[in-house]
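Dear colleague,

Please find the structure below, together with its sequence. The notes that follow set out what was found in it.

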Amino acid sequence: MADTTLTWLGHAAFRLDTASGKRIYIDPFLNGNPKCPANEQTPERVDIIALTHGHGDHVGDTVDLAKKHGATVFALVELAGWLGKHGVDEGKLQASNKGGTVDVDGVKFTLTSAFHSGSGPDGSYVGEPSGIVVTTEDGKTLYFAGDTCMFGDMALIGRVYKPDVAILPIGDYYTMGPKEAAVAVELLGVKRIVPCHWGTFGLLTGTPEALEKLAPSGVTIEKLQPGDSVTV
Ligand SMILES: [Zn+2]
């Protein structure tokens with residue numbers, strides 16, 4: 001098997017290539033994302049799309065990508081319903097809710113809590129925002145916090161899922177910044193962090209360096225630029 005590779009596409013968009021060759025996009029805000037590398041804006045293959053919530057900077061290109069590639073889309077029930085009404089094949093929707101685990105072709109997805117506001121790209125109700133725990137076929141576990149502030153129950157996510165890497169928003173203003181993210185790292189008990197939702201726009205001022213100064217010792221803060229990958 002190859003490695004499991006996580007590639008940051010700017011903002012909160014990621015491509016996850018699993019060891020057995022599945023290509024998963026999380027929150028694929030590609031076109032219109034000022035930090036998405038040009039060579040990543042038109043994916044050649046999409047097997048699965050997983051969404052944390054309905055805001056436009058997370059749903060992004062989901063409808064077009066799902067239609068073009070016949071991708072399976074994993075999302076909370078109300079958001080999945082919205083996607084079905086906007087062109088995603090209902091047979092390709094994996095609608096779930098918080099706490100339940102769904103197996104999509106050997107990759108497991110679990111929605112967690114997140115504290116944020118929620119609406120679809122058109123302002124309609126699409127359920128509550130969430131985080132996502134992804135466990136790959138070879139047992140690598142990634143926790144995508146989604147857009148959120150810190151919250152005490154991150155300790156439960158750490159306890160139950162023991163993520164190998166946590167993908168945390170650090171930009172401040174719309175989500176937690178480095179100060180809260182440092183506490184999130186401690187609560188999760190995770191040793192490796194990929195920061196996101198920073199630097200996209202001028203308001204998102206948090207930086208990986210600021211988080212590194214505040215995070216517990218022994219934790220690796222990956223300082224990715226859009227387009228960079230890490231092996232999980
Ligand atoms: Zn956002």
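A salt bridge is taken here as a side-chain nitrogen of Lys or Arg within 4 Å of a carboxyl oxygen of Asp or Glu. The model is a predicted one, in which local features need pLDDT of at least 70 and side-chain atom pairs count only at pLDDT 80 or more, while totals for chains, interfaces and linings use all residues. Residues are numbered from 1 along each chain as its sequence is written, and side-chain values use heavy atoms, with hydrogens and water left out.

Salt bridges

By the rule above, the count comes to 11 salt bridges. One of them joins the side chains of Lys-140 and Asp-138, at 3.8 Å from N to O. For accessibility, buried means under 20% relative accessible area, exposed over 50%, and partly exposed in between (1.4 Å probe, protein chains only). Lys-140 is partly exposed, at 26% relative accessibility, and Asp-138 is partly exposed at 30%.

Another salt bridge is formed by Lys-223 and Glu-212, whose closest N and O atoms are 2.7 Å apart. This pair links distant parts of the chain, with Lys-223 in the loop between strand S13 (220-221) and strand S14 (229-231) and Glu-212 in helix H6, 11 residues apart. Helices (H or I, at least four residues) and strands (E, at least two) are DSSP runs, numbered from the N terminus.

Glu-40 and Arg-15 also meet through their side chains in a salt bridge, at 2.7 Å from N to O. Glu-40 lies in the loop between strands S3 (23-26) and S4 (48-50) and Arg-15 in strand S2 (residues 14-17), so this pair ties together parts that are 25 residues apart in sequence. Glu-40 is buried, at 11% relative accessibility, and Arg-15 is buried at 12%. Both belong to a network of salt bridges that links Arg-15, Asp-17, Arg-23, Glu-40 and Glu-44.

Donors are N, O and S atoms within 2.8 Å of the metal (3.2 Å for Na, K and Ca); water is not among the atoms, so sites may look incomplete. The zinc ion has as its protein donors Asp-57 (OD), His-58 (NE2), Asp-147 (OD) and His-197 (NE2), which lie 2.1 to 2.4 Å from it. Asp-57 is in helix H1 (residues 56-59) and His-197 in the loop between strand S12 (192-196) and helix H6 (208-214), so the two tie together parts that are 140 residues apart in sequence. His-197 is buried, at 1% relative accessibility.

Within helix H4 (residues 154-161), the buried residues are Met-154, Ile-157 and Gly-158. Viewed down the axis of H4, they fall within an arc of 100° (the arc of the directions from the helix axis to the C-beta atoms), so they line one face of the helix. The face turned away from this buried side carries the exposed residues Arg-159 and Val-160.

Among the elements that cover the buried residues of H4 is strand S8 (107-113). Five of the seven residues of S8 are buried, so this strand is largely enclosed by the rest of the structure. Two strands pair if DSSP finds at least two bridges between them. S8 pairs in the antiparallel sense with strand S7 (residues 101-104) over four bridges, and six bridges join S8 to S9, also antiparallel.

With kind regards

Terms used
Contact means heavy atoms within 4.5 Å.
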